[in-house]
Each structure stands twice: as structure tokens, then as C-alpha cells.
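Visitor: I would like to be taken through this model with some care. Could we begin once it is on the screen?

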Amino acid sequence: MPRSERRAQLLDAAQAVFVERGYHAAAMDDIAEHAGVSKPVLYQHFPGKLELYLALLDQHCDTLERLVREALARPTEDNKDRVAATISAYYDFVSREGAAFRMVFESDLTSVPQVRARLDGVELSCAEAIADVIAEDSGIPDDQAMLLGVGLAGMAQITARHWLAAESDLERDAASALVSALAWRGIGSLPRTGGERSEAAHG
């Protein structure tokens with residue numbers, strides 16, 4: 001099996017074991033058995049359990065950041081649509097199978113410096129991506145745009161996690177739309193570059 005395919009197989013096995021047993025209870029023996037490989041094969045790719053966890057965390061953080069950046073890069077001039085897509089990106093992420101979002105938003109390893117650095121990094125990257133669009137569109141100072149970016153990202157993350165945990169009858173798209181409406185009432189009131197309010201702000 002090519003190295004890249006073997007690595008992906010081992011990461012899939014590690015995630016399954018971590019989700020089932022938790023990081024601390026999971027053993028490299030369990031992961032190797034789940035992957036159907038010997039321990040030496042597993043250690044050829046990952047020197048330890050933490051390295052496996054960090055590789056998975058990197059993978060999931062990259063997915064979240066990609067979803068957010070794709071939402072912001074939508075080919076539209078309607079910022080209301082762009083806000084809705086950005087909020088929806090978080091709901092999409094938490095809805096995916098495999099409980100990947102728990103490794104990013106609910107990790108029990110937050111005191112481990114390598115884990116904390118990655119978690120802080122993805123939160124900052126997503127907030128910065130949002131802030132860049134806000135600053136470019138509204139012309140407000142970068143520090144103000146960053147504050148709003150952090151606020152929008154935090155709102156999306158926390159509400160998406162709450163919606164998933166609550167297991168309510170509210171469909172994902174309806175939940176995302178509700179939070180998007182709340183966010184737009186604030187973001188939409190910002191002036192656009194040139195002095196006009198954001199498009200559809202009166203809607």
C-alpha cells in the first residue's frame with residue numbers, strides 16, 4: 001500500500017478508537033488492531049499516540065478553515081449571503097460523521113502545548129479570514145474588523161455545538177439560518193466602502 005494511503009488508513013483507525021474509547025483510554029495496540037496492521041507498521045508512520053492525535057487534529061482544523069474560506073470566497077456581492085454561508089460552514093463541520101468537531105472544539109488535551117497551539121491557530125485563522133472580508137468591504141480599522149471576526153466565528157461555533165448537543169427538532173439549515181439572521185442584523189448595519197450600508201442591510 002502506498003505510504004499516503006497507509007497513513008490515511010491509520011488515521012481513520014485512530015479516529016475510530018479515539019471516538020469510541022477517548023484519547024487517554026486508547027492504546028496503540030488498539031489502533032493497530034483496528035487498522036489491521038502490526039504495531040511496527042503503525043510506529044513506522046507515527047512515533048506515538050500524541051503524534052497520531054496531532055495529525056488528526058491538523059486534518060480537521062484544515063477542513064474547518066477550508067469550509068470557512070470557501071464560504072467567504074463565494075462568487076457573490078451579497079454580503080447577507082456570505083454571512084449565511086460562513087455560519088453554515090460551522091454547522092456543516094459539526095454535522096459531519098466521526099465526531100471530528102469534538103477534537104477541535106471539545107478536546108480534553110487543551111493543556112498540551114502542541115494541541116493548544118493548533119486549536120488557537122485554527123480559531124485565529126478563521127477569525128482573520130472573516131475580518132479581512134469585513135475590513136475590505138466596510139473600510140473599518142483592522143482591529144475593529146478583527147473583533148467582529150472573532151465575534152462572528154465564536155457565535156457560529158458555539159451555537160452550532162449547542163444545536164448538535166441539544167438534539168432538537170430544528171433542522172440544521174433552519175438553525176443556521178436563524179443564527180445568520182441574528183448575525184446579519186449587526187454585520188449588515190456596517191457602512192460599505194464608499195459610505196453606503198452593506199447590501200441588503202435594509203432587508
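Guide: Helices (H or I, at least four residues) and strands (E, at least two) are DSSP runs, numbered from the N terminus. This is a predicted model, in which local features need pLDDT of at least 70, side-chain atom pairs count only at pLDDT 80 or more, and totals for chains, interfaces and linings use all residues. Residues are numbered from 1 along each chain as its sequence is written, and side-chain values use heavy atoms, with hydrogens and water left out.

Visitor: Where does glutamate 167 lie?
Guide: Glutamate 167 follows α8 and has a positive phi, near 50 degrees, a value that belongs here to a residue other than glycine. Glutamate 167 is also exposed, at a relative accessible area of 68%, where exposed means over 50%, buried under 20% and partly exposed in between (1.4 Å probe, protein chains only). Its place is the loop between α8 and α9.

Visitor: How many helices and strands are in the protein chain?
Guide: Read along the sequence, the protein chain follows the pattern α-α-α-α-α-α-α-α-α. The count is therefore 9 helices and 0 strands, with both kinds of element taken as DSSP runs.

Visitor: What span should helix α1 have, at 1.5 Å a residue?
Guide: The expected span of a helix is 1.5 Å times one less than its number of residues. Helix α1 covers residues 3-21, which makes 19 residues, and its end C-alpha atoms are 27 Å apart in the model.

Visitor: Which helices do the buried residues of α1 pack against?
Guide: The buried residues of α1 are Arg6, Leu10, Leu11, Ala13, Ala14, Gln15, Val17 and Phe18. An α-helix has 3.6 residues a turn, so residues three or four places apart point the same way. Taking contact as heavy atoms within 4.5 Å, the partners of this buried set are α2 (28-35), α3 (39-45), α4 (49-72) and α6 (100-105).

Visitor: What covers the buried residues of α8?
Guide: Helix α8 (residues 142-166) has 25 residues and reaches 36 Å from its first C-alpha to its last, close to the 36 Å expected. Its buried residues are Ala145, Gly149, Leu152, Ala153, Ala156, Gln157, Ala160 and Trp163. Their cover includes α5 (79-95), α6, α7 (113-138) and α9 (172-187).

Visitor: How far apart in space are aspartate 62 and valine 122?
Guide: Aspartate 62 lies in helix α4 and is exposed, with a relative accessible area of 52%. In sequence, aspartate 62 and valine 122 are 60 residues apart. From C-alpha to C-alpha, their separation in space is 7.8 Å.

Visitor: Among contacts between residues at least 6 apart in sequence, what percentage join residues at least 24 apart?
Guide: The C-alpha atoms of the protein chain fill a box of roughly 65 × 35 × 35 Å, taken along the principal axes, and 44% of its 203 residues count as buried. Within that chain, the percentage of such contacts that join residues at least 24 apart is 61%.

Visitor: Which element has the lowest mean pLDDT?
Guide: The predictor's confidence in each residue, pLDDT, runs from 0 to 100, and the protein chain has a mean of 88, with 93% of its residues at 70 or more. Over residues 194-203 the pLDDT is below 50, although this stretch has 25 contacts in the model beyond near neighbours in sequence. Where pLDDT is low, the predicted coordinates should not be read in detail. Among the elements, α2 has the highest mean, 95, and the lowest, 81, belongs to α6.
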